[in-house]
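Subject: Structure handover

Hello,

Please find the structure below, with the sequence alongside. My notes on what was found follow.

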Amino acid sequence: MGNIGIMGGTFDPIHNGHLMLGEQAYKEYQLDEVWFMPSGHPPHKKNQKITDPDIRLTMTQLAIEGKTGLVCSDFEVRRNGSTYTAQTLRLLREAYPQHQYFFIIGADSLYEIENWYEPDQVLSQAVILAARREYEDAHLSMEQQIAYLDTRYKADIRILHCKEMDISSAMLRERIAGGLSVSEYVPPKVLTYIKDQGLYQEKDKA
């Protein structure tokens with residue numbers, strides 16, 4: 001049996017903030033591995049233009065190359081249709097029942113998780129590792145939100161002590177489209193790949 005962290009996301013593109021979260025979870029909770037899992041067809045982004053899954057998978061592979069404990073997984077990319085977290089965790093537990101799963105999220109997701117598809121299933125199938133960071137719409141402290149979710153769903157939620165990094169994939173796409181440097185935010189191999197493929201040259205329409 002292994003303790004496996006799941007770091008999901010669109011990763012469009014993957015950046016140093018994603019890596020920092022995964023590495024902190026790996027070290028702080030002594031996980032055996034952290035699986036970086038690009039989403040195939042995220043249902044909450046149906047109206048947005050999203051880069052081809054295989055390209056996002058390649059960027060993820062390049063980003064974690066040589067990093068101890070970090071693994072790139074195509075588990076969601078291989079699936080057809082919308083990829084919901086509740087379904088992914090259920091399928092992971094069926095495919096690899098020997099593991100315990102730790103789902104890594106930011107504070108924003110902790111506050112919004114009840115709006116997800118089958119939140120009770122997400123919260124019951126994995127330990128939640130939530131990174132502490134500012135969330136403008138928070139009406140409860142992070143500890144109060146954790147206590148609320150624990151009471152309502154019997155969830156196992158633990159705080160991930162990670163320094164804040166003010167960075168988002170949307171910001172990076174905007175900077176690249178505007179001809180600005182993103183070298184301080186993106187691993188060098190990913191940056192080279194983005195340039196070679198001519199990615200994110202147009203500003204997001206959505």
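Contact here means heavy atoms within 4.5 Å. Please keep in mind that this is a predicted model.

I will begin with helix α6. Residues 142-153 make up α6, which has 12 residues and reaches 16 Å from its first C-alpha to its last, close to the 16 Å expected at 1.5 Å a residue. Buried in α6 are Met-142, Gln-145, Ile-146, Leu-149 and Tyr-153. Seen down the axis of α6, these buried residues fall within an arc of 100°, so they line one face of the helix. As background, an α-helix has 3.6 residues a turn, so residues three or four places apart point the same way. The elements that cover the buried residues of α6 include α4 (107-112), α5 (119-125), β5 and β6 (157-160). Just after α6 comes Lys-154, with a positive phi of about 55°.

Next, the sheet. It is open and is formed by 6 strands in the order β3-β2-β1-β4-β5-β6, with parallel pairing. At its edges stand β3 (70-72) and β6, each with a single partner strand, so one side of each is left without a neighbour in the sheet. On average, neighbouring strands of this sheet are turned by 30° against each other, direction ignored.

Strand β1 (residues 3-9) pairs with β2 in the parallel sense, over 6 bridges. Ile-4 has Glu-33 in β2 as its bridge partner.

α1 lies across β1, β2, β3, β4, β5 and β6, and runs at about 150° to β2. α2 packs on the sheet, where it touches β2 and β3, and its direction makes about 160° with that of β3.

In general, nonpolar side chains in soluble globular proteins tend to be buried together. The largest nonpolar core here has 33 residues, of which Ile-14, Phe-36, Met-59 and Ile-104 touch the most other members. At least two residues of this core come from each of α1 (16-28), β2 (33-38), α2 (53-64), β4 (100-106), β5 (127-131), α7 (169-177) and α8 (188-197).

What does Ile-14 contact, leaving aside its neighbours within four places in sequence? Its contacts are Leu-19, Phe-36, Met-59, Thr-60, Ala-63, Val-186, Pro-187 and Val-190.

Regards

Key. Residues numbered from 1 in each chain as written. Predicted model: local features only at pLDDT ≥ 70, side-chain atom pairs only at ≥ 80, totals over all residues. Heavy atoms only, no water. Core = buried A, V, L, I, M, F, W, Y, C linked by side-chain atoms within 4.5 Å. Buried < 20%, exposed > 50% of the residue type's maximum accessible area, 1.4 Å probe, protein only. Helix = DSSP H or I, 4+ residues; strand = E, 2+ residues; numbered from the N terminus. Expected span 1.5 Å × (residues − 1). Arc of directions from axis to C-beta. Pairing = 2+ DSSP bridges. Axes fitted to C-alpha atoms, helices over the stretch in contact; angles between N-to-C directions.
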